[in-house]
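Look at the chain below.

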Amino acid sequence: YIARLEGDPPRAARLLLEAHRAFQDAEDLVNLAEVKMNLSILYREQGRLEEALEAAQRAVAIIKEQGNLRRRSDAYQDLAAVHLQMGHLREAEEAAKQALADAEKVDDRKHRATALALLGRIAARRQERDQAIHYLRRAARQLKALGLKDLGAEVSRDLNLLLKGSSPESEAALYLTQAINPEALLGGVGLPPPAVPTRRRRPARNSR
């Protein structure tokens, strides 16, 4: 995890694979799923999409057996992001909707907001502009309420791009301001922020 943040993907991959083998040998499914999600993000950043897809699918399968809806929402969002990057829009939408449903079952506001943002990005790729704006506005409001500035700034950037030239200039300008200066999310007036970035996955956890 630290190697990835330091910009050393080969070392990060090597260490994650070592961790993967250790958790697999120990039959520690909680941490094994976490490592697979980390690998999926790392592979996606490197453009190794088939490997990213396999890791994300396996993480979903493990977490489904455990029944933790918050973690399952997280895993489905990773899977949706891989499908979106691969251009598999139907599969991406299915995974994002499942992530949203899981988040709503446990009233997890952050996961609900990030799933909505993903659905907005998928709709935008389909050129379903109105639907994309609908999802992204909902995500923006919720991220602003939660004070999640980085995620909110990403969503604001996407909304600004969608609204430019076909919406009141003041609204598009507000989202642009929030994309450039996330601090504007915390004080400010009016409308909220837009798009889901690659999330920073936490390191493996103590499952005992």
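## Salt bridges

A search of the whole structure finds 14 salt bridges. A salt bridge here is a side-chain nitrogen of Lys or Arg within 4 Å of a carboxyl oxygen of Asp or Glu. This is a predicted model: local features need pLDDT of at least 70, side-chain atom pairs count only at pLDDT 80 or more, and totals for chains, interfaces and linings use all residues. Residues are numbered from 1 along each chain as its sequence is written, and side-chain values use heavy atoms, with hydrogens and water left out.

Take Lys-97 and Glu-93. Their side chains meet in a salt bridge, at 3.5 Å from N to O. Both residues lie in helix α6, 4 residues apart, which is about one turn of the helix. Helices are DSSP runs (H or I, at least four residues), and they are numbered from the N terminus.

Asp-107 and Arg-112 form another salt bridge, at 3.3 Å from N to O. Asp-107 is exposed, with a relative accessible area of 52%. Arg-112 counts as buried, because its relative accessibility is 15%.

Asp-158 and Arg-157 also meet in a salt bridge, at 3.3 Å from N to O. Asp-158 is buried, with a relative accessible area of 13%. Arg-157 counts as partly exposed, at 37% relative accessibility. Both belong to a network of salt bridges that links Arg-121, Glu-154, Arg-157 and Asp-158.

## The nonpolar core

How many residues does the largest nonpolar core have? It has 52. A nonpolar core is a set of buried Ala, Val, Leu, Ile, Met, Phe, Trp, Tyr and Cys residues joined through side-chain atoms within 4.5 Å. Leu-79, Val-155 and Leu-159 have the most contacts inside the core. The elements that give two or more residues to this core are α2 (9–25), α3 (29–45), α4 (49–66), α5 (69–86), α6 (89–105), α7 (109–125), α8 (129–146) and α9 (149–163). In soluble globular proteins, nonpolar side chains tend to be buried together.

What does Leu-79 touch? Leaving out residues up to four places away in sequence, Leu-79 is in contact (heavy atoms within 4.5 Å) with Leu-53, Ala-56, Gln-57, Val-60 and Ala-95.

## Helix α8

Helix α8 has 18 residues. From first C-alpha to last, α8 reaches 26 Å, close to the 26 Å expected at 1.5 Å a residue. The expected span is 1.5 Å times one less than the number of residues. The buried residues of α8 include Ile-133, Leu-136, Gln-142 and Lys-144. Just after α8, Gly-147 takes a positive phi of about 75°.

Ala-140 lies in α8. It counts as buried because its relative accessible area is 0%. Ala-140 and Gly-152 are 12 residues apart in sequence, and their C-alpha atoms are 6.0 Å apart in space.

## A surface patch

Leu-5 is found in helix α1 (residues 2–5). Leu-5 is partly exposed, with a relative accessible area of 46%. Tyr-1, Ile-2 and Leu-5 form a nonpolar patch on the surface, with about 290 Å² of accessible area together. Accessible areas come from the Shrake-Rupley method with a 1.4 Å probe; for residues, only the protein chains shown count as cover. Patches are made of residues with over 30% relative accessible area and no salt bridge; like charges are joined within 9 Å, and nonpolar side chains (Val, Leu, Ile, Met, Phe, Trp, Tyr) within 5 Å.

Note on methods: Buried < 20%, exposed > 50% of the residue type's maximum accessible area, 1.4 Å probe, protein only.
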